[in-house]
Amino acid sequence: MTELAAQRQAEPEAKGPKPKAALNGARSFWLKQLHSWHWISAAVSLVGMILFAVTGITLNHAASIPGTPVTVEQTATLPAPLLQRLTTFPEETTQPLPDAVARWASEALKVEIAGKPTETTPEEVYVALAIPGGDGWVTIDRSTGETLHEKTTRGWIAYLNDLHKGRNAGVVWFWFIDVFAAACVIFAVTGLGLMILHAKGRPSTWPLAALGLLIPVVIALIFIH
């Protein structure tokens, strides 16, 4: 009877780890996962985060940062065969120019207008060519074939500011911003998880986190009207 009782007392201890050991194992698992996702998201978003932080400052002080627009004009004449093709082009439309005309513009003016919508009238064809940090356009006189390309740039700061806003930057940059934003969210959320796991040994964790929330809330409530 004594041996049987001893075996029964030993069975619960052999069924699983002690609660403290299980807790430490779970904490170790989450620390490893959070650290991995934290540094990976930091690496992915590092350059973008610096860019968006710096351009956040330049956008906030855009009126104080001087910029001198630079305008460049190019002229050319649409060859007669291509001008003839424009006679069959609708008099009022927004459809892109024929591919042959677009190829000619690419070779003669070094400008890409293929597939871009037009503002076509009986007198001319206008193609808007907005770019980050500047603007541009191409016009083709439908009677003479005279073609004018004008491009205006406002400097690197204006260029980076427009990238910050995603203005006229194209589809690829549009999706990059979304991926970058997702990486930033992962970086912040995993940082919060690490704060939670380390907060017990760092008493200033939650006062500082609360301060980070309180400052913008107070500014918004008191100074923004």
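In what order do the five strands of the open sheet run, and is their pairing parallel or antiparallel? The order is E1-E5-E4-E3-E2, and the pairing is antiparallel. Keep in mind that this is a predicted model.

- At the edges sit strand E1 (70–77) and strand E2 (119–120), each of which pairs on one side only.
- E2 has strand E3 (residues 124–128) as its partner, and the two are joined antiparallel by two bridges.
- If you want to look at that pairing residue by residue, find Glu119, which stands opposite Tyr126 in E3.
- Helix H4 packs on the sheet, where it touches E1, strand E4 (134–141) and strand E5 (146–153).
- The direction of H4 makes about 120 degrees with that of E1.

**Ser106, a residue of H4**
- Ser106 belongs to helix H4, which covers residues 99–109.
- Leaving aside residues up to four places away in sequence, Ser106 touches Val111 and Glu112.
- With Glu112, there's a polar contact between the two side chains, at 2.9 Å.
- Thr94 is another story: 12 residues separate Ser106 from Thr94 in sequence, and their C-alpha atoms are 20 Å apart in space.

**The H6 and H7 pair**
- Two packed helices are described by the angle between their axes and the distance between the axes.
- For helix H6 (residues 170–198) and helix H7 (residues 205–223), the axes cross at roughly 145 degrees and come within 10 Å.
- H6 brings Leu192, Met195 and Ile196 to the contact, while H7 brings Thr205, Trp206 and Ala209.
- Sorted by class, the contact residues of H6 with H7 come out as five nonpolar, one polar and no charged.

**The largest pocket**
- How much space lies in the largest pocket? You get about 210 Å³.
- Its lining takes in 14 residues, and the ones nearest the centre of the pocket are Ile65, Arg154, Ile157, Ala158 and Asn161.
- Helix H2 (19–60) and helix H5 (156–165) are the elements that give two or more residues to this lining.
- Of the two, which one supplies the largest share? That's H5, with five residues.

Terms used
Residues numbered from 1 in each chain as written. Predicted model: local features only at pLDDT ≥ 70, side-chain atom pairs only at ≥ 80, totals over all residues. Heavy atoms only, no water. Helix = DSSP H or I, 4+ residues; strand = E, 2+ residues; numbered from the N terminus. Contact = heavy atoms within 4.5 Å. Polar contact = N/O pair within 3.5 Å; in protein donor to acceptor, adjacent residues only side chain to side chain. 1 Å grid on protein atoms, 1.4 Å probe; cavity = no way out; pocket = protein on both sides within 12 Å on 5 of 7 lines; lining within 4 Å. Points joined across faces, edges and corners; volume = space filled by probe spheres on them. Pairing = 2+ DSSP bridges. Axes fitted to C-alpha atoms, helices over the stretch in contact; angles between N-to-C directions. Nonpolar A, V, L, I, M, F, W, Y, C, P; charged D, E, K, R; others polar.
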